Amino acid sequence: MSDKVTNIVLVGVGGQGILLAAEILSETFMLAGFDVKKSEIHGMSQRGGSVVSHVRYGKEVFSPMVPEGDGDILFGFELMESYRHLSLLKPGGTVVVNDLCIAPPSVLIGQEQYPADMALKIQDLFPDCLLVDGQNLAIQAGNARAANTVLLGAVSKRLDIEEKYWVEAIEKMVPKKALEVNLKAFQMGRGLK
Amino acid sequence: MKEILSGNEAIARGAYEAGVKVACAYPGTPSTEILENTVRYKEIDSSWATNEKVALEVGIGASFVGARSLVTMKHVGVNVAADPLFTLSYTGVNGGLVLVCADDPELHSSQDEQDSRNYAKFVKIPMLEPSDSQECLDFTRLAYEISEKYDTPVMLRTTTRISHSKSVVTFGERIGAVKEPKLERNPAKFVMLPGNARGRHYVVEDRTLQLSKDGVSLPINRVEMRGTKMGVITAGISYQHVREALPEASVLKLGMVHPLPFDLIREFASKVDKLYVVEELDPFIEDQVKAIGIPVIGKEIIPICGELTPGRVRKAFGLPENASSTVEKLPGRPPNMCPGCPHRGVFYTLKQLNAYVSGDIGCYTLGFMPPLSAMDTCVCMGASIGMATGAAKVLPPEERKKVVAVIGDSTFLHTGINGLMDMVYNKGAATVIILDNRITAMTGRQENPGSGHTLMNDPTNEVNFELLCKAIGVKNVRTINPLDLDECRTAIAEEMERPETSVIITDKPCVLIKREGVFKPGAPLQVVDDACAGCRACLKIGCPAIEWIPSSGKKGKAHIDPLLCNGCDVCSQLCKFSAIKEAK
Ligand code: SF4
Ligand code: SF4
């Protein structure tokens with residue numbers, strides 16, 4: 001096992017299931033035998049605020065926060081929030097982002113505009129960016145709410161962790177009645193190149 | 001067994017393993033989840049108190065008859081509990097008592113950045129500070145041993161990044177034989193009349209000296225030598241950032257931050273060429289190290305405001321910063337009241353009536369945000385009513401009428417009720433609105449004496465706010481439906497006119513209550529496109545379910561997201577064109 005720590009930043013909007021995705025990531029890494037630390041700010045998370053979660057794994061992890069500019073993967077649930085947090089990523093880092101815009105309050109009330117071309121701007125800075133149509137794939141898997149698991153599948157493909165650990169973690173963290181759909185959604189995400 | 005736990009979960013586990021019998025708290029971010037986890041262990045009686053002072057008093061009572069007890073709160077809560085805390089330092093304990101205090105550097109969800117380490121010094125009791133979840137568990141267990149061995153309450157301090165971050169933890173067993181609680185009378189120790197307390201003060205001072213000496217060999221205060229060029233004294237989460245940013249530095253990691261083990265600090269200082277202290281917020285360790293005559297570099301380079309991060313530590317030490325991409329300025333994304341939140345109509349009305357709103361701490365503090373923008377002050381839990389009294393005392397009559405205090409159900413029971421008693425007793429003339437949404441919403445929907453359920457989920461007595469207000473002498477009490485804008489406007493306008501105290505109680509629940517049947521969503525509404533005149537009236541309440549589509553129609557049109565709408569019907573009352581209707 002190398003000494004290198006892998007840094008993942010999850011970003012999006014409160015209510016999108018970011019915290020659960022971060023839990024599944026952490027669980028997977030622990031099952032695969034790594035030291036894991038995870039950090040996030042909640043409290044406002046249910047009320048539509050911006051949510052950021054940091055997950056780090058490796059042989060030994062110290063700080064629970066991804067050092068600025070050291071992120072290996074940005075795992076984004078919404079376009080504008082993903083763009084906002086790009087500075088956490090190291091040059092040449094990987095972006096996996098949901099192709100979705102959620103308007104913040106100032107845009108909802110017509111005071112500001114949702115910035116144009118967010119996906120293009122992300123791709124400009126990080127050419128190794130995968131844009132995932134999470135919503136549609138989730139509907140194909142059987143439930144629109146499983147978009148976060150589709151994304152998780154896409155992220156899993158970019159990490160060197162055996163598939164069985166992912167499945168085990170999902171089985172542990174996802175409620176029974178939603179499990180089948182989520183496993184399917186995960187595989188669809190994993191299938192994306 | 002190994003699991004990934006948050007600091008809060010690990011503290012709950014540690015309390016369980018330490019044989020704790022009673023756990024009591026008032027919810028406060030980031031401390032709240034500790035009690036939400038002790039409740040999983042049936043051996044622990046867990047409960048929400050009405051405020052932090054009461055929580056500590058419950059813990060003290062249990063300790064005095066021999067049980068180990070846990071009391072938790074956030075940093076500002078310690079101010080509320082400070083009165084019994086100071087005297088508890090003098091009495092000491094019987095069963096071990098641990099007070100967990102969760103600080104919030106960077107103010108992720110607080111009104112100030114208080115550094116509670118100062119309390120440990122001020123109150124003269126030991127304080128432990130863990131650096132990850134495993135230490136949260138281990139230090140909690142150790143804290144009970146220290147508490148009983150040194151006859152003192154112990155503070156365990158966490159910060160947001162410890163409370164809410166997760167790391168791998170190995171469990172232990174619950175210890176077998178903790179003593180059985182029984183009545184033991186010891187008035188010389190437990191009755192702090194001046195005559196008794198005078199003697200106890202000497203005990204307290206001796207205890208602190210002893211702890212400082214013993215701290216030298218306490219394993220949680222440890223030296224990690226990695227060369228002699230540079231030494232860093234640090235504790236808590238800062239330790240992790242130091243290890244991350246300065247892997248070559250020798251470190252004195254303090255697990256007990258008060259009292260400091262001065263001999264150990266002297267020894268460490270003598271072994272390194274240059275000595276630093278890396279700590280968040282106040283120069284707490286730094287000042288004391290300087291006071292014993294050891295030169296050290298601290299706040300000259302480490303920021304005093306906000307939390308540390310690995311990057312901020314690197315920057316402080318002049319290390320090259322990582323390259324990072326810059327991005328253009330974006331619209332912010334602040335939190336917002338939920339779709340269907342019962343507070344929205346009240347704040348809309350207050351704004352319409354040009355009220356001077358004396359606010360308080362809770363979800364309704366979001367009434368400050370545009371477009372509602374209807375909150376003028378907010379200082380601390382329970383302060384809104386007292387502040388309204390003060391303002392009304394000095395304003396001329398026309399201005400005085402505009403003063404309205406708003407307060408939530410839980411906050412009212414926390415300390416707001418004292419303010420109301422004072423207002424009535426001293427003939428204050430302001431309007432008070434109790435926003436009773438049946439739950440402590442902001443911290444994550446905790447039960448309180450107004451909701452009729454305990455933390456352990458037993459049905460219990462439910463405070464009747466109307467009768468309570470009458471009992472303390474408020475003559476004008478009325479209950480209104482906050483989702484009916486006409487009713488809100490009439491009631492609030494009438495009570496604002498009244499030259500004496502009046503209370504308005506709103507009676508619609510929070511949309512996020514977990515218990516079934518409390519919140520019943522209405523059918524989602526929709527905007528009938530042809531009828532929408534693009535007047536933007538419905539946007540004034542800032543409901544997240546309503547979006548402005550500028551490109552639609554002549555002037556743009558409103559659109560309601562059927563997945564988000566909870567059918568509260570407030571927006572339709574604003575539409576003069578009857579364009580908002582139940583979706584078919
Ligand atoms: S949690 Fe409840 S009280 Fe808070 S904003 Fe949402 S509905 Fe309103
Ligand atoms: S009825 Fe109107 S105000 Fe109420 S939740 Fe639905 S869109 Fe929002």
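Author: Happy to, and let us begin with a term: helices (H or I, at least four residues) and strands (E, at least two) are DSSP runs, numbered from the N terminus. Please keep in mind that this is a predicted model.

Reader: Which loop of chain B holds Pro371(B)?

Author: Look for strand E14 (356-358) and helix H15 (383-394) in chain B. Pro371(B) lies in the loop between E14 and H15.

Reader: What is the omega of the cis peptide bond that joins Pro370(B) and Pro371(B)?

Author: Most peptide bonds are trans. The bond from Pro370(B) to Pro371(B) is cis, with an omega of about 5°.

Reader: Is Ser373(B) buried or exposed, or something in between?

Author: Ser373(B) is also placed in the loop between E14 and H15 of chain B. Its phi is positive, near 40°. Buried means under 20% relative accessible area and exposed over 50%. Because the relative accessibility of Ser373(B) is 33%, this residue counts as partly exposed.

Reader: Where is Pro30(B)?

Author: A cis peptide bond joins Thr29(B) and Pro30(B), with omega about 10°. As for its place, Pro30(B) is in the loop between strand E2 (22-25) and helix H2 (33-38) of chain B.

Reader: How many nonpolar, polar and charged residues are in the shell around ligand 1?

Author: Ligand 1 lies between chains A and B. The residues that surround ligand 1 include Arg47(A), His343(B) and Asn437(B), along with Cys338(B) and Leu512(B). By class, the shell divides into 8 nonpolar, 2 polar and 1 charged.

Methods:
Residues are numbered from 1 along each chain as its sequence is written. Chains are lettered from A and ligands numbered from 1 in the order in which they are written. This is a predicted model: local features need pLDDT of at least 70, side-chain atom pairs count only at pLDDT 80 or more; totals for chains, interfaces and linings use all residues. Side-chain values use heavy atoms; hydrogens and water are left out. Buried means under 20% relative accessible area, exposed over 50%, partly exposed in between (1.4 Å probe, protein chains only). A residue is near a molecule or strand if one of its heavy atoms lies within 4 Å of it. Ala, Val, Leu, Ile, Met, Phe, Trp, Tyr, Cys and Pro count as nonpolar, Asp, Glu, Lys and Arg as charged, and the others, Gly among them, as polar.
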